[in-house]
Amino acid sequence: MCQGAAGKRRAPQPSERPEVLIPRILNECQHTQTPHLRTIKELVKCRAEHRETFFSVLCNSLRPILLIQEKEPSVERVVKYVSAFSAYRDEEHEEDCNLFVEEFLKYLLVLVDAANKTVRFRASQLIAEVMTRLADDVEVSDELWEELIGSMQTRMQDKVPAVRVNAARALARLVSGDENDSTVAAYLQSLETDRSADVRKMVVLSIPAVNSTIVPIFERTMDVSDSVRKAVYLFFASKLPLNMLSIMQRAKVLQRGLADRVPAVQAECMNMLKSSWLNRDCDGDVIALLRYLDVETNEKVGELVLNELLKHDAIKPNEREGLRQFLLPLTSNAAEHGDYEAQLMGAEQALYWRVVCTNLHAQAQAKGNEAANTGGAQAALNAATAADVNELLDSILPPTVASYVELVTAHLNAGPRHRFAARQLVLLATVLDFSDSTNRKVAGTLVKTLLLAEAPDSQDVVHEINSEVFVGDGLSLGGDQEWAAAVAELAVKVYSEQGEYAKVLADAILRLGQPCRDGGAEASQWLHCLAVTSLLLERIKSLRQLAGCAIGSQEIVDALLVPAVKHVHPEVQKAGVRCLGLFGQLSTKATPTVIRQLRLSFSSGISIVQNMAIKALFDLILCHGATTLDQAIGIDCNRGPVPEPYQLETKLPAGNAEYGLEEDVATAMRKPLLELLMSLLDSETIYEEMEEDSAEELETSRSLGAEGFAKLLLQSKLFKDIQAIEDSVLAKLLRLYFNDDLEISLRLQQCLSVFFNNYSVLSAENKKCIAKTFIPVMRAEWPGVYGNKGIATALVSAKKRATQLSRFMLQLLQNPLLVTSQQIDGNTSSSLLDVGLERLAINIAVEVTRLSADSSAAGKAYMVAIARIAAALEFRPSAQDEIKCMIQLLGPMMDAVAGDKLLHKELKELLRHLKSMDCNPEQSLSDEQFQNFLAKFGLNLPSGDYKDEELAVTPAAKSRTTPKRQSTTKRIRKTPAVVESPVIVGISRSPRQSKSEALQRLSFSAAKQRSDESDDSDDFRSEPEEDDDACPEVVDLKLTTNSDLKQLVVQEIAVHSTSAETSGALSDASSVESADEENAILEPRRSKRSSRATTLVEAESKRITRNRTAAKTKNEVSLPARPRTRRQVSMSASQSSGVSGQTLSITTEDEADSGNSKAALSKQAVAQESGDNDPDFKRLPKKGEKKSVAAAKGPTTRARTAWK
């Protein structure tokens, strides 16, 4: 009996019906992921037993999921479960699995084109999940594969970002490795143009690693989204080998990633560097990794990589592989006598050991300081750690200083190829101990050798002048600024006692300068001597330290620097000017000799010498002041009035127009220094004769002048002479910042951007200066006003640039001031400070009033542009005089810009606001007070141009005729004109007559409007000029496009048709009287009517009449333009009577038991796939497919069933 019971339990039990099993399993799986694997097997068994009904029941059960847009955890579990079930492979039912996957994907392909965005999102999500989980050996038909690719590429252009994300994810399994694949092209297009960061991230994770995709992915390392940047480094780590990137790309990837501002991106880049590039591609060899980076070119990147690897313990230095491996002992007791033979090392090894030794030295010092500052067991632990690190450092470094000098000397004598390694070894001097006098003496010989040795020949030749070749920059020791800095660090380390460094370098200068003083020295010898001189002047703090040295300060100037400035070679002149600038900064007083020579170099025609002189002069101004420099050479500081800010144009000299300087050098020497430097900002030499590649690297005199004046303006409080020309200089810098030629000069553009943002928030005086320069700058920039001329093709761009400049200045004025300590203590708000906004508003109002007589298009556009700025300014409640003055000026100002309705409305709002702020509205400024107030701001306005006028009250109902607007060229009358309303006569007319008269008026208005627009080429819409004998009333109908004409035709016909059907005698009489008057006025000019406008109006009238006739006889209801929501569908079903609706529900057990269950279920599946049963599942029209509008059979209702 027990055996029989056991046999019954082992017998296979029939599975539940799909109608019961599928809802139960889905309801169970939405709560937890635990039963997923077990229930998948149950569904597989049920599918094998009920093949006919399983698929349709599953599709019906998934329909509620497709309508839920929120990413709820329960819904996401169901989606993952269904995708896992679809991709599940059962060995016993392998054919059924393949058929189900193909059938399920076809069903989803129908839903992915649904009109409902939620359905498209869920369908694309299911496709992406299924394609991700599919095995590699799954059999899918080629037709389905191509259909999937086409559908997902189409969804890549969907308007919903979530759909595009899932489409990009699904295409990852459909893309091939071919560079010409259409999917790769779709990926690249989305990566370049898609605004969604999630889409770009998914594209980066899905795109294949081929040659055509490396550069676009590399550019995404500078993406604005940190998630995209993080995905890029994951792409490089997982899909791209290190050797597929160029050296520049490897260096940029590491430089941007390790220095990223987001820690998560830094961590991802570090993971890529450590796990993929170092361990996978280089087998853990850090020297091989440095070879991939070319550390001689990208030294900073190699140093950054080594520091990060040491910080994360990715590499650990071994004491057996230190610098001692490059020192072979010659004798058994070489450690005592220092008998070693130095071996040469590569650039990667030299950089590696230099960074390792520097890192260990810093770590030992940090642990030693912690041990000294703490106590107890922690102090002992830190001391022991510091001792261990020092012991490891000693085992890596050369045993003695003599062996170190031998190693450096060997690399110096090896030639230019080992110069990089020699520099790294010289930098190791910072971790060596030179406290012993013997060690200092040995190292001193190395320092002197480095100072006196000429630069070795190298392949890095930058220029050749008069058959003499110069290596490097021509300014630094050895032609390399980094080499000069390394030598200076070694000299400072060895000669650390006070005054010892200056004495050693002075001796070297005396020895090197002997051929220069005697005459006959070559240019290379001059450059070598001047390079050592610059090392001396850069490292000392005062010229007093040269007292007692081999060569004094005055001898350096007279015997070396002045002759160097007068040398025939420009490179020698450039180096001499640089040393003169350093010497002038060290001197406590302005040296006349230095200032004269710098002025002469500034006036020379050699660009490299002039640029260096400009830098030196600006540095001296910051140190001593421009007035002190002028007084030192006998120039009178009381030089008369400074040009006004609006006098921006200066006459360029004829001889030196290329540099914007005076033709006569003597004249330039007599001019004040600031005035001489201001001529740089008017220079027209930009980058017209330069190539774009070289223009970014070369410096021009104007860019250096702008950068120097930006520094001076930030420190204007310290120098009164700079405050006198602050307005003029600021105006020039603003115009320069919006110059089109700055697209190439990136350095100057960045410099001015930082300057303006900081200058505007430093103080209220700076804001006043910006407000004072607004009108002068706009006068100089706007084309067509104040004599400004411009090319006709560039007028639009010039106006656009001037408008952007005005908005930029407004933004600078609105930036909040920095909170100072005085404001915090006194609780003074920055909004209560006078920053010049009221003065700017009054200045704009006066400017607009003055130009109100200008009827040109450029003048009107100029008035509108500046008036918009005035409408955006704010007034302080305490500025009552300014408020009263502005109220008095707003009347004529609004009349001058009356053509712009939006601006007129803004000015009305400003007027109401100012009147509400006026504490004494009954008191106004008299003419004398008004003129005195304007004189305080340096303004003047005739008394007849600012009389205030009460604004006319807008009537409640507008008449069809508008009064003639007063000409802007005439002064405003004190009494407003009285407009008589037309007399209403009770005359009736037929609808046909009303239509014809309306069409005639509209056609004439359209023709008249086109003729007016053809005469005026400017964007500003001005009113037509009116004669004194013209009629007092004109119908003003402004039609600009055919769409406006059609809209007015529809309105006119609808109005007259309605008035004809209803007995409105008064309305008809009014329209007849108005039309009769208008026809009488327009009758002589009716011959100018446009035939095209008449034809268009007649055609539109016929079409509207035909549509209305058809609408009366039409009994069908049109479909809605957009898919209806569930609430709209249910409300339509409840309100409509007699209209039968189809109900979509999950198949019940009774239907399954019926004889026609198979046919019913197949019909329902077809209806579901086609999407005709539900507007949410209605398919979107494909490309090239016309939208068909059919009559609706009635609203449909849906029973949204859960799995309960």
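Student: Where does Asp 313 lie?
Tutor: Asp 313 is in the loop between α17 (299-311) and β1 (327-329). Helices here are DSSP runs of H or I with at least four residues, strands are E runs of at least two, and both are numbered from the N terminus. The model is predicted, so local features need pLDDT of at least 70, side-chain atom pairs count only at pLDDT 80 or more, and totals for chains, interfaces and linings use all residues. Residues are numbered from 1 along each chain as its sequence is written, and side-chain values use heavy atoms, leaving out hydrogens and water.

Student: Is Asp 313 buried or exposed?
Tutor: Asp 313 counts as exposed because its relative accessibility is 55%. Exposed means over 50% relative accessible area, buried under 20%, and partly exposed in between (1.4 Å probe, protein chains only).

Student: And what about its phi?
Tutor: Asp 313 isn't a glycine, yet its phi is positive, about 55 degrees. Most residues other than glycine have a negative phi.

Student: Okay, where is Asp 283 found?
Tutor: Asp 283 sits in the loop between α15 (263-281) and α16 (286-293). Asp 283 has a positive phi of about 55 degrees too, without being a glycine, and at 67% relative accessibility Asp 283 counts as exposed.

Student: New topic: at what angle do α41 and α42 pack?
Tutor: About 170 degrees, for α41 (residues 774-781) and α42 (residues 795-814), with axes 10 Å apart. Axes are lines fitted to C-alpha atoms over the stretch in contact, and angles run from 0 to 180 degrees between N-to-C directions. The two helices, α41 and α42, are therefore roughly antiparallel, a label for angles over 145 degrees.

Note on methods. Parallel < 35°, antiparallel > 145°, perpendicular 65-115°, else oblique.
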